[in-house]
Amino acid sequence: MKKSISFLLLLLGFFGGANFSSLSAQENFIKGYIILNNSDTLFGKIDYRNWGVNPDVVGFLPESEAIPHNYTPMDIMEFGVNGEIYVSGVVLKEVSSGQSGWIDFDPQIKTEPDTIFLQALIKGRKSLYYYYSEERKDNFYIKQGSIFELLEYKEYLKQMSGGNIALKNNRYLGQLTIYLDDCKEIKSLLPETPYRKNGLLKLFRDYYKCFPEESYFHQESERPKAEKGLIAGPSLTILHFAGENYPHLSDAGFKPSLKISAGFYLNLILLRNQQKWSLYNEALFASYKVTDTYEAYENEEKYSVITTRISYSYFKINNLIRFTYPIGNAFVFVNAGLSNGLVLGGQNYKKTELKLYNINRTSIEPAINDVRRYEHGLLMGAGWKHNRLSLEYWNASRTGANWSNANITDSLWNSD
């Protein structure tokens, strides 16, 4: 087991240290534009990062130039790329607790001024903007003239005689009632509008139904992407046993078992961060078969020969968190998660041939006394993927068993 763990750590270290650190600054320039503070519009390419947190600087490569320039919210009024629009603005940014995993007893929102890039979700006669901070707080804004107004919302606790109860400061509903008061049809929708991106987007789209002749920009709602397909390929299984009481297992030279594994996968790609994070799930049929002969020899009149055969087939479900990084036309990835396996059938066989002077005896019994029909454990792995071909090494630490496995998998069919 030590050799397997060491190899896995080296592999993860290579991918994590050598590739990710050197490639983290890779650029991704695609067509876009910027609007300078003097209202001039420049076209070129934006270093697009599919931002999860709103950027505080953006790289721009003007047309007919070879060197990109970096711009902050104080340098430009707006930039657009990949169907997204970001505008610069001086705002009050929320810094109170409530959305970062800890809730206090203060219903008042705490803010501080800042100059930031706001993502335009709706841009027209009435606009909606979004800022997701490094503190993992959602901030939504409406625009009154040239002023960006924070829509105020906060969860807080209130101490009661029976204990603490959770309450909400929903001031944003009153702000929206005033801001969108020229469309009476949406009044009934306001109380049910959550302080979330999709909920607010729906409200504003319903608002613009009151003005069908007017055009406006709206950011499309994002949904996780799904990749699914069939997988099949050779699977190499290496069994390791430890313990002095079972030398026929721990001292055996079981050769690796090479079998075909097949199944299907579903990869749910999470939003933002250039789709590097995903929830990878696979259901596989896998099997292995190992045999070995162990001899305990003292002399010609006293020895034993133990032949061991272990073979099992499994139905496995693996649920992993995967991080993927592009390298040219290929991808490297690391993943970790949980594995569950159900034994479908197999052999657990030990044949002992004993020679003790004038006594010759043969016995057959299980090689392993306690074989679980269901097993679960942790799964870690790393690999490489190009088109439909992937190469993956993973290490499983399971209840009742430990082994290593290397997969070469060919996706026979892939569909988004």
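A nonpolar core is taken here as a set of buried Ala, Val, Leu, Ile, Met, Phe, Trp, Tyr and Cys residues joined through side-chain atoms within 4.5 Å.

**Entry 1: the chain.** I worked from a predicted model. I found 4 helices and 22 strands in the chain. Of its 416 residues, 42% are buried. I then looked at contacts with a separation of 6 or more, and 60% of these join residues 24 or more positions apart. The chain exposes about 22,900 Å², of which carbon and sulfur atoms supply 55%.

**Entry 2: the largest nonpolar core.** I noted 38 residues in this core; L118, L128, F140, Y141, L151, L176 and F204 touch the most other members. The elements that give two or more residues to this core are β1 (29–36), β6 (84–94), β7, β8, β9, β10 (147–150), α2 and α3. With 6 residues, α3 gives the most. Another core lies apart from this one and has 13 residues, including I34, Y48, V81 and Y86.

**Entry 3: helix α3.** I checked the length of α3 (residues 197–208): at 1.5 Å a residue its 12 residues should span 16 Å, and the end C-alpha atoms are 17 Å apart, which agrees. I listed G199, L200, L201, L203, F204, D206, Y207 and Y208 as buried in α3. These buried residues pack against β7 (111–123), β8 (128–132), β9 (138–144) and α2 (171–179).

**Entry 4: L176.** I looked up the contacts of L176, leaving aside neighbours within four places in sequence. L176 is in contact with I142, L151, L190, L200, L203 and F204.

How values were computed. Residues are numbered from 1 along each chain as its sequence is written. This is a predicted model: local features need pLDDT of at least 70, side-chain atom pairs count only at pLDDT 80 or more; totals for chains, interfaces and linings use all residues. Side-chain values use heavy atoms; hydrogens and water are left out. The expected span of a helix is 1.5 Å times one less than its number of residues. Buried means under 20% relative accessible area, exposed over 50%, partly exposed in between (1.4 Å probe, protein chains only). Contact means heavy atoms within 4.5 Å. Accessible areas come from the Shrake-Rupley method with a 1.4 Å probe; for residues, only the protein chains shown count as cover.
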